[in-house]
Amino acid sequence: MQDLRTVEFRDGNLILLDQTKLPLREEYITTKDYERIALAIERLEVRGAPAIGVAAAYALAIGYSLEPSEESFNKIYKRLEKTRPTAVNLFWALEEMKKVFYQHKHSKELSELLLRKAREILHDDIEKCEAIAKNGLKIFHSKLNVLTHCNAGSLATAGSGTALNVIKKGFENGLVNHVFVDETRPLLQGSRLTAFELEKNGIPFTINTDSTAAFLMKQGKIDCVIVGADRIAANGDTANKIGTYNLAVLANFHRIPFYVAAPTSSIDKNCSDGSEIKIELRDKSEITHIKGIQITKENYDIYSPAFDVTPNSLITAIITEKDFHLPPYNF
Ligand code: MRU
């Protein structure tokens, strides 16, 4: 089984696998510049809730080491928190860094301590991915056909993934027959990234357009759906890639279990329910153009939320590194 190196810190640089180029080209961004890392988050060159958190933690640590003052720490913090609003892991990781900053503000080792914290967040994520996969094995009562949406694999984390790691672990244990991959419009994280990871892991898969999911379920080809999360409210309502809510409704209608897998760093206890989760709106060019080719008229009105919220009532279980949580959810 092979994991991709999504985010790595080496010789003072952050190295990011440029996910906008996958699966056709494997190119890396190597930088010490926090502004370049902020742009990478905004452009989805690095993406997926846990990976964004890790990249932001390193951006803050590297940025501070080059401009060591409280003023620059706050400036970099503010820049990074503006990159993407929905994945709570970004804010969680920045907050963890801030705690270290204020605890050791007068220490000569502050730069090193911040880097150490970023490394800890990365390693912690690797361990959480493993624990999620182990806890997720509970979903397999027999060999299953699984449907997933977006990418919640190694590319979305520092480790082996969340929802996709449950699938990988299930496959290793002979419990996954086939994976159906929603292509995930508009940026195609499914057909580009999840497919790429499944290929690397030798797991049989088929890509389907998002609108094919209902028909697949109707034909009895899907035994369960498993997805990741960008932010889980205290009551279990879950924000994830746009189209996730559609799948949950469809799964419910067809009486198919619908699972969410995510680290506890994706839980936001400050949001009592999903209505409090801020949903990112993306640029209209992501709909009017595909890979720079214009496909519809520029003057047409576009609505492009990056995420939607699935109500807790449609979620069969939420799998974290700590537990296999069953409803009613109360985080
Ligand atoms: O816009 P993206 O590609 O960052 O969205 C990612 C997702 O929606 C993932 O499903 C989620 O972050 C979980 S990743 C383990």
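Predicted model: local features only at pLDDT ≥ 70, side-chain atom pairs only at ≥ 80, totals over all residues.
The domain assignment divides the protein into domain 1, covering residues 7–130, and domain 2, covering residues 139–325. Taken over C-alpha atoms, the centres of domain 1 and domain 2 are 24 Å apart. The two domains meet at an interface in which 28 residues of domain 1 contact 37 residues of domain 2. Together, domain 1 and domain 2 bury about 2,600 Å² between them, and 54% of that area is on carbon and sulfur atoms. Charged pairs also occur here, for three salt bridges are found across the interface of domain 1 and domain 2.

A further salt bridge entry concerns Lys 169 and Glu 130, whose closest N and O atoms lie 3.3 Å apart. Lys 169 is one of the buried residues of helix H6, a helix that spans residues 163–172. Because eight of its ten residues are buried, helix H6 is largely enclosed by the rest of the structure. The buried residues of H6 are Ala 163, Leu 164, Asn 165, Val 166, Ile 167, Lys 168, Lys 169 and Gly 170.

Thr 310 belongs to strand E14, which runs over residues 307–310. Its relative accessibility is 1%, and Thr 310 therefore counts as buried, the cut-off for that term being under 20%. Leaving aside residues up to four places away in sequence, Thr 310 touches Gly 236, Asp 237, Thr 238, Thr 244, Tyr 245, Ala 248, Phe 258 and Ile 315.

Is Ile 293, by comparison, buried or exposed? Ile 293 counts as exposed because its relative accessibility is 56%, where exposed means over 50%. This residue is placed in strand E13, made up of residues 293–294. Ile 293 also takes part in a nonpolar surface patch of about 270 Å², which it makes with Ile 290 and Ile 295.

How values were computed
Residues numbered from 1 in each chain as written. Heavy atoms only, no water. Patch = residues over 30% accessible without salt bridge, like charges linked within 9 Å, V, L, I, M, F, W, Y side chains within 5 Å. Areas by Shrake-Rupley, 256 points an atom, 1.4 Å probe, with all protein chains shown as cover. Salt bridge = Lys/Arg side-chain N within 4 Å of Asp/Glu carboxyl O. Helix = DSSP H or I, 4+ residues; strand = E, 2+ residues; numbered from the N terminus. Buried < 20%, exposed > 50% of the residue type's maximum accessible area, 1.4 Å probe, protein only. Domains from an automatic or database assignment. Contact = heavy atoms within 4.5 Å. Buried area = accessible area lost by both parts, 1.4 Å probe.
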